[in-house]
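Dear colleague,

I am passing the structure below on to you, together with notes on what was found in it. Please read the notes with the coordinates open beside them.

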Amino acid sequence: MPHFTVVPVKDQAEPNYDSLEGINWVDYRDTGQDCPDHQDGADGHGNHKEDSPFLSSADSTGRKNDYYDRNLALFEEELDIRPKVSSLLSRLVNYTSITQGAKEHEEEESAEASLRKTPKSPNMGTLMGVYLPCLQNIFGVILFLRLTWIVGMAGIIQSILIVLMCCSCTMLTAISMSAIATNGVVPAGGAYFMISRSLGPEFGGAVGLCFYLGTTFASAMYILGAIEIFLKYLVPQAAIFHSADHLGRDSALLNNMRVYGTLCLSLMAVVVFVGVKYVNKLASLFLACVIISIVSIYAGGIKSLTHPPEFPICMLGNRTLVSDGLDACAKSVIQGNTTVPSQLWNRFCGGGNLSSAQCDEYFVQNNVTEIQGIPGLGSGIIRENLWSTYLQKGEILEKAGLQSVDAHSPVENFINYVSADIATSFTLLVGIFLPSATGIMAGSNRSGDLKDAQKSIPVGTILAITTTSLVYLSSVVLFGSCIEGVVLRDKFGIAVQQNLVVGTLSWPSPWVIVIGSFFSTVGAGLQSLTGAPRLLQAIAKDNIIPFLRVFGHGKANGEPTWALLLTGLIAELGILIASLDMVAPILSMFFLMCYLFVNLACAVQTLLRTPNWRPRFIYYHWALSFLGMSMCLALMFISSWYYAIAAMGIAGMIYKYIEYQGAEKEWGDGIRGLSLSAARYALLRLEAGPPHTKNWRPQLLVLLKLDEDLHVKYPRMLTFASQLKAGKGLTIVGSVIQGNFLDSYGEMQAAEQAIKNMMEIERVKGFCQVVVASKVREGVAHLIQSCGLGGMKHNTVVMGWPYGWRQSEDPRAWKTFINTVRCTTAAHLALMVPKNVSFYPSNHERFTDGNIDVWWIVHDGGMLMLLPFLLKQHKVWRKCKMRIFTVAQMDDNSIQMKKDLATFLYQLRIEAEVEVVEMHDSDISAYTYERTLMMEQRSQMLRQMRLSSAERQREAQLVKDRHSLVRMGSLYSDEEEDVMELPPEKVQMTWTKEKCEAERRNRNNAPENFRELMSLKPDQSNVRRMHTAVKLNEVIVNRSHDARLVLLNMPGPPRNTDGDENYMEFLEVLTEGLERVMLVRGGGREVITIYS
């Protein structure tokens, strides 16, 4: 143990201690001076306070004075978000976990009183906090009501195997649970908290509800066990329904169980609702009943070695007879000096005298014998009970060693024999016994009450499982060594005067077991009804399953009223099943599902080696966790394969529901770590090289424009991206904010959130990235270069059309557009430009007819073929037909082109209508010439307007930058745009005499400049390009004016940047008159292939 020496530093000021965040400080002589400049909240750069990774901090704004140590003046500006070590340690030392269960509700006081109240430190040790609660939860109704029957049916060897399988599964789960529970502070919440924080909200919610359902059905099982003890052994006269018929006897018992079970459940629910504190106080009494009952069994077993109890069994041949109502185990009895028929005779012969009655043939030919039901420990009966004796429903219990003459017996006499009420098998017995091994989570559920949870939970839980396993194994051997086989197989003790079978062995009286087991089952039912609503309330308060939100509310003191009501209704379903043997496998499924995921959580955390995985319990291994997980899965299918599938289906549906609803919880879970590891592995594999053409799919980088309020200006860009999702590729949505990163960080985060919200509305699965740059074109270039990671990089850019570029005097919009086109070409990326994107269909629209027209003018990798195919996978475009147009020149054979194109499409497995459009050589029209002239005149006019504006702006820059003469040589350079981007208030004009004369000359030259514009002759290359654009547009509009979407090859920008503005005009002319058009430019590689 390290030793610390705290040396106080003397100071003139008196030390002042204040309560920080509602937690008492530890006196470390924390002296200092007041810091008037201290700011609470965010710092100057917009960085908000960090949440404490250790404990949840309270609001500290109520502090009036903060005193910082002069020795820490270097750090004083950040002490509000990075506390001193002494402050952190004081909070950790004074931390108290919230206690589990109803304890906090019992001591609920007013808000002011609870603020004044000093938190009581937990003080429960391993014995009282973990070991005994686990014993109470593990020992239950199965030990007293079904273990003897399991031993009789399965035999000692198979019964030991059943016990070992179930207890090994729970032991391995306890090891995994101990590792998780000792990996940091575990607040109250038990298995649900551990699984949800280890595997994420989806798994946590699914398994938490499974655990809740298991606990709820456990309460139903305990109630059914208590009612069975009450009706069979305590007060048999209380039965409402009776039946003398052999077939109706079982249904009468089930109806009695339903009626009394419902009454008992209602009474217990009222007790839990009114006074939970009484349930907690009686827990010790119920545990004492369990322990006394078990001790009496062992005492009776030891006593049977010398003085076995007298419980004779009447046998007819080798068949076991019902002992109820028999005066003697004989066919006749002597009364006085005469021999008269016995009651047994009357049952099989229907009355009459001994000579004339018509008797059952089997009764006549076989003798009546009496054997000892409890031969005792030294009788050697263990040899007969070693092997299994499985029976079918209705089969009579027979003893193998007795002689018997096989003869016909009427069906109505079967009521006189003890028979099996259900068909038995090894798998059925596993499912019935399994609940008696559950209950290992009791220690972790009370973690808030433990003095040292990280030590007590592993030790107490493993010791409790070891103890219960030894009790079960020794009980199996003890029962098989002391009790006759037919008595063991007699589930309800019908052959031993309606006694509880395990009670016949106990000492000093069978009533010890009967009364003790009754109170223990009632107590266990109350505990389950208390715990299950709180578990549901914890799940509801986490707000990961929206429809359960109402169950997070309760009474004023926090009691989960609505959750208790739902728990009662679900438990009533178990009561209506009415059979203990049928309810036990149901709750086994839910508990095994929970244990499976506890093992999975430990295995995942161990294999991922996350830095936070540092459990104090070191005796664990991922192989043990996988073994435990495999055993849980195997036991689920062994005990009941259809219940297993149903439980997994319920868990799967809850998982998908939480995933669909989008539980926005970040708990540092292992599944996220697993996803990161899998993503890293996959990215490293993808890094090997570019994908094959068969694996190519559009990985989109969607460039969005935001308005002044940081809202997405054209949401239909995202709609279009979502309609391309059949490619199953990557989608990155990017945007650029102009400014400085330090000043615009908050604005960037707001923009990211706005884009994410819009992506969620449009159901776009992808990533969002917003960059801050001094110029938009630089930001776009950064996005194109840096988005993605490794092999998961975009290969296609989707960009909007710069609307209104003709009307704007500012050339930045279309210059950014053309610059982006050049960047995508240089980066060998494909480009899609949806024009008139506001007219594109939403995801809720459906096109019932129409065409998607592809104008394939030049081949650039097959993008034009692939995009319509992907769009047609979406419900919006599914019913549209695909038409492909290609252009033939005068020297082309259009008929052969059409055949070749049809063959090519057939090999591509794409269904489309093929058309070849012939474009004849024609003279350049006057319209084309005039359109080109107007384009060049407009360009020249705007250039002169920008020149005069730039002259005024550049004057301000002469003062700031001595190298501005270099910039004056480039009229349309980026540097000039920087000048234009300056706010008007920052421009300062310096007027001189020479400057005034130059300005006057410019004004006088304006008419001459206008005359030059009117006499301008268009460039011949521009005329040819305009001619192509006009002719193509005529053909496209003629053929595709009614198409739902037109896809068109996008011409590349000119190599000479002087023609950029003309390039924009050519694109406008090319797409005029089309409602929905998309310009597509390939990335320089094949994206579609004819090969398989």
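**Salt bridges**

R146, E228, D421, K491 and D581 are linked in a network of salt bridges, a salt bridge being a side-chain nitrogen of Lys or Arg within 4 Å of a carboxyl oxygen of Asp or Glu. Please bear in mind that this is a predicted model, in which local features need pLDDT of at least 70 and side-chain atom pairs count only at pLDDT 80 or more, while totals for chains, interfaces and linings use all residues. Residues are numbered from 1 along each chain as its sequence is written, and side-chain values use heavy atoms, with hydrogens and water left out.

Helices here are DSSP runs of H or I with at least four residues, strands are runs of E with at least two, and both are numbered from the N terminus. Both K491 and D581 are buried, where buried means under 20% relative accessible area, exposed means over 50%, and partly exposed lies in between (1.4 Å probe, protein chains only).

A search of the whole structure finds 13 salt bridges. One of them joins K399 to E384, the closest N and O atoms being 2.9 Å apart; K399 and E384 are 15 residues apart, and each lies in the loop between strand 7 and helix 14 (426-433). K399 has 10% relative accessibility and therefore counts as buried. In another, the side chains of E778 and K775 meet at 3.7 Å, N to O. E778 is partly exposed, with a relative accessible area of 32%, whereas K775, at 7% relative accessibility, counts as buried.

**Helix 27**

In helix 27 (residues 776-786), the buried residues are R777, G779, V780, A781, L783 and I784. Just after helix 27, G788 takes a positive phi of about 85°.

An open sheet of three strands has the order 4-3-7, with antiparallel pairing, two strands being paired if DSSP finds at least two bridges between them. Its edge strands, strand 4 (319-320) and strand 7 (368-372), each pair on one side only. Strand 3 (residues 312-316) runs antiparallel to strand 7 and is joined to it by five bridges, with C314 standing opposite E370 in strand 7.

Strand 5 (residues 332-335) and strand 6 (residues 338-341) run antiparallel and are joined by four bridges, and the partner of I334 in strand 6 is T339. These two strands form a hairpin with two residues between them, and G336 in the turn has a positive phi of about 70°.

**Strand 8 and its partners**

Strand 8 (residues 700-703) is covered on both faces, with L700 and V702 buried on one side and L701 and L703 buried on the other. Strand 8 runs parallel to strand 11 (residues 796-799), to which four bridges join it, and T796 in strand 11 is the bridge partner of L700. Four bridges also join strand 8 to strand 9 (residues 731-738), again in parallel, and there L703 stands opposite G734.

**Strand 17 and its partners**

Five of the five residues of strand 17 (residues 1077-1081) are buried, so this strand is largely enclosed by the rest of the structure. V1077, L1079 and R1081 point one way from strand 17, and M1078 and V1080 point the other way. Five bridges join strand 12 to strand 17 in an antiparallel arrangement, in which M832 has V1080 as its bridge partner. Strand 16 (residues 1045-1049) runs parallel to strand 17, with four bridges between them, and L1047 is partnered there by M1078.

The loop between strand 12 (830-835) and strand 13 (851-856) contains R846, which is partly exposed, with a relative accessible area of 46%.

With kind regards
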